[in-house]
Amino acid sequence: MLQIEKERADAQYSIGELASEFDVTPRAIRFYEDHGLLAPKRAGQRRIYSPRDRTRLKLTLRGKRLGLTLSEIRELIDMYEPGRDERPQLSRFLAVLQSHRASLLQQRMDIEAQLTELKVFEKKIRKQLKRG
């Protein structure tokens with residue numbers, strides 16, 4: 001998830017180009033920028049995104065699909081440094097994934113319990129309606 005892609009270092013992207021490429025709104029991109037995930041250069045009012053920003057956006061969206069929080073995503077992305085040992089980053093990523101999995105499993109158990117309880121109530125109500 002976290003390895004930065006190799007791209008032309010001098011490539012530049014507008015907010016519209018990134019929004020179109022990743023099927024998100026410019027507002028979403030500005031939101032990620034406000035949360036420290038992207039850091040475009042400015043040319044007046046215009047934002048100029050680098051290949052690094054593009055990759056960080058891609059990783060942010062991937063993390064969101066996994067259900068990670070923006071702070072978890074930022075922490076994991078910020079840990080990446082080219083040429084450095086990636087084991088600390090991978091270990092942290094694994095811990096985040098395990099925690100998220102445990103949370104989802106608990107939510108699933110809670111939903112199953114609620115569905116069972118709903119079924120019991122529906123059965124009781126149907127029985128009362130038949131008597132009624």
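Start with the whole protein chain. Take contacts (heavy atoms within 4.5 Å) between residues at least 6 apart in sequence: 58% of them join residues at least 24 apart. This is a predicted model, in which local features need pLDDT of at least 70, side-chain atom pairs count only at pLDDT 80 or more, and totals for chains, interfaces and linings use all residues. Residues are numbered from 1 along each chain as its sequence is written, and side-chain values use heavy atoms, with hydrogens and water left out.

**Whole chain**

Keep everything selected. The C-alpha atoms fill a box of roughly 75 × 35 × 20 Å along the principal axes. The radius of gyration, taken over C-alpha atoms, is 22 Å, while a compact globule of 132 residues would have one near 14 Å. That globule rule is 2.2 Å times the number of residues to the power 0.38.

Now show the surface. The accessible area (Shrake-Rupley method, 1.4 Å probe) is about 9700 Å². Carbon and sulfur atoms hold 51% of that surface. Buried residues (under 20% relative accessible area, 1.4 Å probe, protein chains only) make up 29% of the 132 residues.

Switch to cartoon. The chain has five helices and two strands. Helices are DSSP runs of H or I with at least four residues, and strands are runs of E with at least two. From the N terminus, the order is α-α-β-β-α-α-α.

**Helices α1 and α2**

Select residues 15-22 for α1 and 26-34 for α2. Their axes, lines fitted to C-alpha atoms over the stretch in contact, come within 9 Å and cross at roughly 105°. Angles run from 0 to 180 degrees between N-to-C directions.

Show side chains here. I15, L18 and A19 of α1 meet P26, I29 and R30 of α2. Five of the contact residues are nonpolar, none is polar and one is charged. Ala, Leu, Ile and Pro are among the nonpolar types, and Arg is among the charged ones.

**D23**

Next, select D23, in the loop between α1 and α2. Its phi is positive, about 55°, although D23 is not a glycine. Most residues other than glycine have a negative phi. D23 is exposed (over 50%), with a relative accessible area of 70%.

**A39**

Finish at A39, in the loop between α2 and β1 (41-43). Buried or exposed? A39 counts as exposed, at 54% relative accessibility.
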